[in-house]
Amino acid sequence: MSSYDVRAPVVVGVSRSAKSHGAVDWAADAASRRGRSLCLVHAQEWPAGAAPKDRHDSPDQVWASHFRATGQSLLDDLREATAKRVPGLEITTRLLDGRPTAVLRDVAEEASLLVVGAHRVSGPGEAVTFGRIGPALVGHPPCPVVLALEPTREEARSGPVMVGVDGSVASVPAVLFAFEEAAAWGTELLAVQVRRPRHGDRPQDLQESLPGVSEALAGCREKFPQVVVREEVVLGNPPVKLAETAAEARCLVVGSRGVGGFRGMILGSTSRTLSHMAPCPLVVVPREAE
């Protein structure tokens with residue numbers, strides 16, 4: 001079974017970067033649709049030698065108070081804007097000291113979902129960067145991690161939820177999450193299996209692989225009969241083909257560990273490739289607890 005509480009808050013890491021706004025919007029919508037509260041977390045990394053002192057009238061303490069007040073102001077502004085956009089959503093804030101990666105790993109222990117922001121970088125193929133925080137978090141927290149990329153096209157907001165499947169036990173939580181997301185948004189689910197090309201492949205070989213995809217979805221189909229499902233099997237490099245297929249997706253859901261073409265997709269070099277190619281929010285779901 002899962003090692004995180006699905007009833008826990010949706011947590012989003014925020015900063016003064018513009019990409020935080022997209023992450024907060026994604027997290028707020030997820031919390032609202034799933035009936036969860038939203039927690040905005042801002043990690044303040046103190047400059048070297050700038051830790052607060054005991055004396056409240058010292059220059060260092062005055063600076064420290066201002067430093068904290070600035071961080072709290074950021075959280076208050078985001079909370080107010082989010083409350084207006086999603087009325088009725090329960091929103092809390094946490095201002096914590098420490099390196100953002102370490103702070104978010106800690107708060108993820110009590111989250112149902114952890115969301116961090118991302119932005120596109122101008123260049124060939126509209127590259128994507130999640131900075132140093134996103135990749136450092138993936139594969140570590142017990143809850144799903146969302147690398148939230150703001151869509152550039154309105155149609156992507158209404159596109160299908162896409163999930164990468166490989167038939168392994170480790171992919172089961174990702175499939176379940178994808179069905180839950182599709183049901184929450186009332187949208188279609190696209191299940192894609194990527195097979196690396198083999199010598200002698202024939203076009204019909206792809207069709208022969210579809211029953212394996214259907215088998216991976218069987219249990220969730222019964223649980224979410226309202227979700228319309230499409231299945232595809234494609235040949236190629238897993239991250240490249242997933243990114244290409246997810247061009248119009250609302251989000252791309254993958255497991256944190258798989259077999260065959262997906263082994264190491266999240267924890268190794270392939271995941272770094274996917275992180276820089278994802279055309280939509282990337283959701284990484286951890287494997288079930290042993």
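Guide: Begin with a definition: angles of 65 to 115 degrees between axes count as roughly perpendicular. Keep in mind that this is a predicted model.

Visitor: How are α1 and α6 placed to each other?
Guide: Helix α6 covers residues 172-185, and its axis lies 10 Å from that of α1. The two pack at an angle of about 85°. An angle of 65 to 115 degrees counts as roughly perpendicular. α1 and α6 are therefore roughly perpendicular to each other.

Visitor: How many charged residues are in the contact of α1 with α6?
Guide: From α1 come Trp26, Asp29, Arg33 and Arg34, which meet Phe177, Glu180, Glu181, Ala184 and Trp185 in α6. By class, four residues of this contact are nonpolar and no residue is polar. The charged residues number five.

Visitor: Which residues have the most contacts inside the largest nonpolar core?
Guide: This core has 44 residues. Its largest share, seven residues, comes from helix α1, residues 19-34. Those with the most contacts inside the core are Val115 and Val253.

Visitor: Which strand has the lowest mean pLDDT among the elements?
Guide: The mean pLDDT of the protein chain is 78. Strand β1 has the highest mean among the elements, 96. Over residues 122-130 the pLDDT is below 50. The lowest mean, 44, belongs to strand β5.

Methods:
Residues are numbered from 1 along each chain as its sequence is written. This is a predicted model: local features need pLDDT of at least 70, side-chain atom pairs count only at pLDDT 80 or more; totals for chains, interfaces and linings use all residues. Side-chain values use heavy atoms; hydrogens and water are left out. A nonpolar core is a set of buried Ala, Val, Leu, Ile, Met, Phe, Trp, Tyr and Cys residues joined through side-chain atoms within 4.5 Å. Buried means under 20% relative accessible area, exposed over 50%, partly exposed in between (1.4 Å probe, protein chains only). Helices (H or I, at least four residues) and strands (E, at least two) are DSSP runs, numbered from the N terminus. pLDDT is the predictor's confidence in each residue, from 0 to 100. Contact means heavy atoms within 4.5 Å. Axes are lines fitted to C-alpha atoms, for helices over the stretch in contact, and angles run from 0 to 180 degrees between N-to-C directions. Angles under 35 degrees count as roughly parallel, over 145 as roughly antiparallel, 65 to 115 as roughly perpendicular and the rest as oblique. Ala, Val, Leu, Ile, Met, Phe, Trp, Tyr, Cys and Pro count as nonpolar, Asp, Glu, Lys and Arg as charged, and the others, Gly among them, as polar.
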